[in-house]
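Trainee: I have a new structure open and would like to go through it with you. Can we take it piece by piece?

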Amino acid sequence: MKDKTIVQIDREAATMFIMRVFAAEVSAVWKHFSEKELLDSWWAPKPWKCETKSLDFSEGGVWQYAMAGPEGERHHAGVRYSEIMFHRSIAWSDYFSDSAGNIDADKPVVDWLIGFTGVQEGTKLTVNLHFKSTAELEKILNFGFAEGFSAGLDNLEQALNSR
């Protein structure tokens, strides 16, 4: 399958832009970003799984989760929501953490702005990621983020199509 995800990287501005169109209503795509069971169904690239520990989908709320690997690996992370505009956008800061949810200061904290726009084909999802430096952007790229998130969006498309 040809990759349907557009990824643009601006190293000078330490930003990344991701865009994908889904053949689904905005409300359906939104639910997959705001409900625990639906997030867990697509967030991790296969064969990994997302396991939510807690989710408070509200401004100032936190989503704590682990990426669970096929060989028992576990990488913990979290999101702190800063702004939620129903069916329009979500702004959050994403971070790596320990199992208790404490931020790992050795890894980047990334600011995300996720947009949901109704279009003729369904929903255009846009993700703008802002890094504190080019070095932090490079670190995330070296972790395989672009490929992993694109694979997660493939999972999202499958989840939306199965409803």
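Trainee: What volume does the largest pocket have?

Mentor: Bear in mind that this is a predicted model. The volume of the largest pocket comes to about 680 Å³.

Trainee: How many residues line the largest pocket, and which lie nearest its centre?

Mentor: The lining consists of 23 residues. Nearest the centre are Met67, His75, Phe96, Phe143 and Phe145.

Trainee: Which element gives the most to that lining?

Mentor: That is β6, with four residues. At least two residues each are supplied by β4 (62-68), β5 (74-85), β6 (89-97), β7 (110-119) and α4.

Trainee: And how does the lining of the largest pocket split by class?

Mentor: There are 15 nonpolar residues in the lining, along with five polar and three charged ones.

Trainee: Back to α4. At roughly what angle do the axes of α1 and α4 cross?

Mentor: Helix α1, residues 26-34, and helix α4, residues 145-161, cross at roughly 120 degrees, and their axes come within 11 Å. The roughly perpendicular range ends at 115 degrees, so α1 is oblique to α4.

Trainee: Is the crossing of α1 and α4 left-handed or right-handed?

Mentor: The crossing of these two helices is right-handed.

Trainee: Which residues make the contact?

Mentor: From α1, the contact uses Ala28, Val29, His32 and Phe33. On the α4 side, Leu156, Ala159 and Leu160 take part. By class, the residues of this contact are six nonpolar and one polar, with no charged residue.

Trainee: Changing topic, the backbone. Which residues does a cis peptide bond join?

Mentor: The cis bond is between Lys46 and Pro47, with omega at about 10 degrees. Pro47 sits in the loop that runs between α2 (36-42) and β3 (49-55).

Trainee: What about Ala14, what is its phi?

Mentor: Ala14 has a positive phi, about 55 degrees, although it is not a glycine. Its place is the loop between β1 (6-10) and β2 (15-22).

Trainee: Then Thr15. Where is Thr15 found?

Mentor: Thr15 belongs to strand β2.

Trainee: Which residues is Thr15 in contact with, leaving aside neighbours within four places in sequence?

Mentor: Its contacts are Gln8, Ile9, Asp10, Leu129, His130, Phe131 and Leu137.

Trainee: And how far apart are Thr15 and Pro108?

Mentor: In sequence, Thr15 and Pro108 are 93 residues apart. In space they are 13 Å apart, C-alpha to C-alpha.

Note on methods:
Residues are numbered from 1 along each chain as its sequence is written. This is a predicted model: local features need pLDDT of at least 70, side-chain atom pairs count only at pLDDT 80 or more; totals for chains, interfaces and linings use all residues. Side-chain values use heavy atoms; hydrogens and water are left out. Axes are lines fitted to C-alpha atoms, for helices over the stretch in contact, and angles run from 0 to 180 degrees between N-to-C directions. Angles under 35 degrees count as roughly parallel, over 145 as roughly antiparallel, 65 to 115 as roughly perpendicular and the rest as oblique. A crossing is left-handed if the near helix is turned anticlockwise from the far one by less than a right angle, and right-handed if clockwise. Contact means heavy atoms within 4.5 Å. Ala, Val, Leu, Ile, Met, Phe, Trp, Tyr, Cys and Pro count as nonpolar, Asp, Glu, Lys and Arg as charged, and the others, Gly among them, as polar. On a 1 Å grid over the protein atoms alone, a cavity is a set of points where a 1.4 Å probe fits but cannot get out, and a pocket is an open set with protein on both sides within 12 Å along at least five of seven lines; lining residues have an atom within 4 Å of a point. Grid points are joined across faces, edges and corners, and a volume is the space filled by probe spheres set on the points.
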